[in-house]
Amino acid sequence: MSVTDWYAHKSLENGVFWIQERFYESGNRANIWLIRGSHQDVVIDTGLGLRSLPEYIYSKGLLGDDSKRKNPLLAIGTHFQQVGVHKAEVDALANGDNFETVTWLSDREIVEDPAPGWRARQYRVTAVTPTHILQEGDVINLGDRQLSVLHMPGHSRGSICLHDKENKMLFSGDVVYDGSMIDWLPYSRISDYIRSCERLVEMVDKDEIDLVMPGHFNTFGSKRLHRLASNYMASAGACHRASTCVVKSIASLALRASNSRSAC
């Protein structure tokens with residue numbers, strides 16, 4: 001399958017492109033966000049990497065031919081020349097840690113094989129040494145727009161959002177999307193998630209967010225963000241913590257077993 005068949009994209013407002021892997025039919029399918037700037041372009045989340053995302057982006061001309069863009073495309077993820085990740089997850093990415101990166105993939109989720117004879121059990125996270133170590137307060141300067149790094153742990157210890165303050169856009173990754181928040185992964189922590197949700201609510205109250213571009217599912221507005229974060233905080237009591245602890249234990253065992261088989 002050609003790289004141009006594997007992906008599809010849509011142009012949104014303010015120099016943002018939405019990209020998805022067409023034949024990965026799963027709730028885990030990522031929204032891949034490409035943000036163009038006058039001097040630097042950034043892609044947030046990079047999907048499975050079964051076909052070359054950079055090749056698709058360049059072949060479709062999504063970066064244009066503006067000679068003022070001096071810097072290579074920066075990926076907040078993997079598979080690119082420049083790679084940024086929060087400092088808490090540098091080792092996981094550099095070591096290709098399939099446990100911490102939560103590598104679950106089944107054949108039924110891939111409806112068209114990316115290559116002859118491909119099988120999901122062969123899939124491994126590619127080890128990548130980050131070129132950009134991100135932390136709270138860093139600013140990714142694209143020239144005509146800036147993305148502020150917000151450390152929002154809870155889903156994972158290195159979860160971040162990128163905030164385009166001028167355009168009131170929040171690229172939320174896995175911190176929040178239009179559905180239940182996932183706090184039962186190996187490095188999830190409910191107490192951290194509550195503090196991150198408090199921060200999200202505060203940002204909405206300060207009118208700093210109009211649109212949320214999540215890592216999965218549909219985009220949504222500030223009112224929905226406020227409700228999602230508030231509902232999580234209200235429900236994260238003793239019963240939720242106890243049930244989450246059980247699910248987390250089961251998920252960790254299943255994840256270790258799955259990656260043990262795939263390594264054979």
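Colleague: How many aromatic pairs does the structure hold?
Modeller: Bearing in mind that this is a predicted model, the structure holds five aromatic pairs. In one of them, the ring centres of W6 and F23 are 6.0 Å apart with the planes at 45°, so the pair counts as tilted.

Colleague: Which parts of the chain does that pair link?
Modeller: Distant ones, since W6 sits in helix α1 (residues 3-6) and F23 in the loop between β2 (16-21) and β3 (32-35), 17 residues apart. W6 and F23 are both buried.

Colleague: And what about W33 and F171, how are their planes set?
Modeller: W33 and F171 form an edge-to-face pair, with 65° between the planes and 6.4 Å from centre to centre. This pair also links distant parts of the chain, as W33 belongs to strand β3 and F171 to strand β11, 138 residues apart.

Colleague: Is F171 buried or exposed?
Modeller: F171 is buried, because its relative accessible area is 1%, under the 20% cut-off. W33, at 2% relative accessibility, counts as buried as well.

Colleague: Switching to the sheet, in what order do the six strands come?
Modeller: The order is β8-β9-β10-β11-β12-β13, in an open sheet with mixed pairing. β8 (139-141) and β13 (220-221) stand at the edges with a single partner strand each, so one side of each has no neighbour in the sheet.

Colleague: How do β10 and β11 pair?
Modeller: Strand β10 (residues 160-164) and strand β11 (residues 169-173) pair in the antiparallel sense over three bridges, and H163 has L170 in β11 as its bridge partner.

Colleague: Which helix lies across β10 and β11?
Modeller: Helix α4 (residues 190-205) does, lying across β9 (146-151) too and running at about 145° to β9.

Notes:
Residues numbered from 1 in each chain as written. Predicted model: local features only at pLDDT ≥ 70, side-chain atom pairs only at ≥ 80, totals over all residues. Heavy atoms only, no water. Pairing = 2+ DSSP bridges. Helix = DSSP H or I, 4+ residues; strand = E, 2+ residues; numbered from the N terminus. Contact = heavy atoms within 4.5 Å. Axes fitted to C-alpha atoms, helices over the stretch in contact; angles between N-to-C directions. Phe/Tyr/Trp six-rings, centres within 6.5 Å; stacked < 30°, edge-to-face > 60°. Buried < 20%, exposed > 50% of the residue type's maximum accessible area, 1.4 Å probe, protein only.
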